[in-house]
Amino acid sequence: MKPAELLDEPLYNSRIVNNYIKLIKSQYSYINVEVLLNHAGMEPYQVEDEGHWFTQNQINKFHQKLKAVTGNKDVAREAGRFAAIPGSIGFMRYHILGMVGPKYAFELTSSYASKFTKSANFVTKSLGPNKIEIIVTPKSGVEEREYQCKNRMGFWEALTTAFNYELPEIEHPECIFKGGTSCRYIVSWQESPTLLWKKIRNITGAVLLGLSTISLAFSPSLHTPIAIFSICVSIFLALSLYVNHLSRKELFEAVTNLQESSSDSIELINKNYEHALLINEVSQALSKELELNNILSNVVNILEKRLDYDRGLILLANKEKTRLISKTGFGYNPAELKNFMRGSGFRLD
């Protein structure tokens, strides 16, 4: 496709925009989100739908307007960082945190990226236990903007801070907006407290073992070596207990996140199942009945049963297409429902 054609191709998942919206509500509450979405040609229900995708044009207009109303030229990177906040990127956050550490999360970036964007290919390469290289190459015909590069850098920062690490160091030796064919990021972060204390324990153990050996070799009696050995063992055991405590804590957090992920996934499956049944049962109700009131009665019963709402109304347009008239509903007492149906309806003109 030509670049102009790809501007109107759905490339970016709604969760990206939803993350921006949550940042706005948290840090820029004075902004009218509805106005912002209208400017970009987006609907609130589209943002909430994790299966919806937006075009490059829509994303560009959204960011342009957001940068103007906030006065923050780095709002895209701030939004990327905000992805570390609980609830900001939906159930994907729990999948990431279930990786135990940022290294494994970064290594799976190429797999997870396709759930957020169809605009580029992501390739990751491990450069060490706490260092990784990420190469992002836009697909043919896609014209990204520089703010999207900054948004990715913010997301790399979020991947580490989500595990309670300090902000990582990000090198960006190649950028498509500075003449490169790809955006290349080298992300490095400090070791976790558990790994650091494991090294301290191991080094301390080696030093204590040497000290015990020296005391045994040069002491004229066994009393002093035994005392020194006992102290060394006590110190080593104390460090080992502390390391085990940190390890269990990390594993417990990972397991907790996996449990939350499983619960969210099961809830999503149940919701999709109920929606599938709703479509099927409504179709059957429409095919089996010919009388309008019977159809509406059956449909409203199905809606009440399958949807997670405590009340609802079915309204039909009049012959002139000027009003919506209430026909039936659920969740209202008989008097309320009667008043709805007795009224002249809602004006459409």
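Which residues is Phe62 in contact with, leaving aside its neighbours within four places in sequence? Contact here means heavy atoms within 4.5 Å, and the partners of Phe62 are Val17, Tyr20, Ile21, Ile24, Leu36, Leu37, Ala40 and Met42.

This is a predicted model, in which local features need pLDDT of at least 70 and side-chain atom pairs count only at pLDDT 80 or more, while totals for chains, interfaces and linings use all residues. Residues are numbered from 1 along each chain as its sequence is written, and side-chain values use heavy atoms, with hydrogens and water left out.

Phe62 is also one of the residues with the most contacts inside the largest nonpolar core, which has 25 residues. A nonpolar core is a set of buried Ala, Val, Leu, Ile, Met, Phe, Trp, Tyr and Cys residues joined through side-chain atoms within 4.5 Å, where buried means under 20% relative accessible area (1.4 Å probe, protein chains only). α2 gives the most to this core, with 5 residues. Apart from it lies another core, of 20 residues, including Phe106 and Met153.

An open sheet has the strand order β7-β8-β9 with antiparallel pairing; two strands pair if DSSP finds at least two bridges between them. Helices (H or I, at least four residues) and strands (E, at least two) are DSSP runs, numbered from the N terminus.

| Helix | Residues | Angle to β8 |
|---|---|---|
| α13 | 292–306 | about 60° |
| α14 | 334–342 | about 160° |

Key: Axes are lines fitted to C-alpha atoms, for helices over the stretch in contact, and angles run from 0 to 180 degrees between N-to-C directions. Buried means under 20% relative accessible area, exposed over 50%, partly exposed in between (1.4 Å probe, protein chains only).
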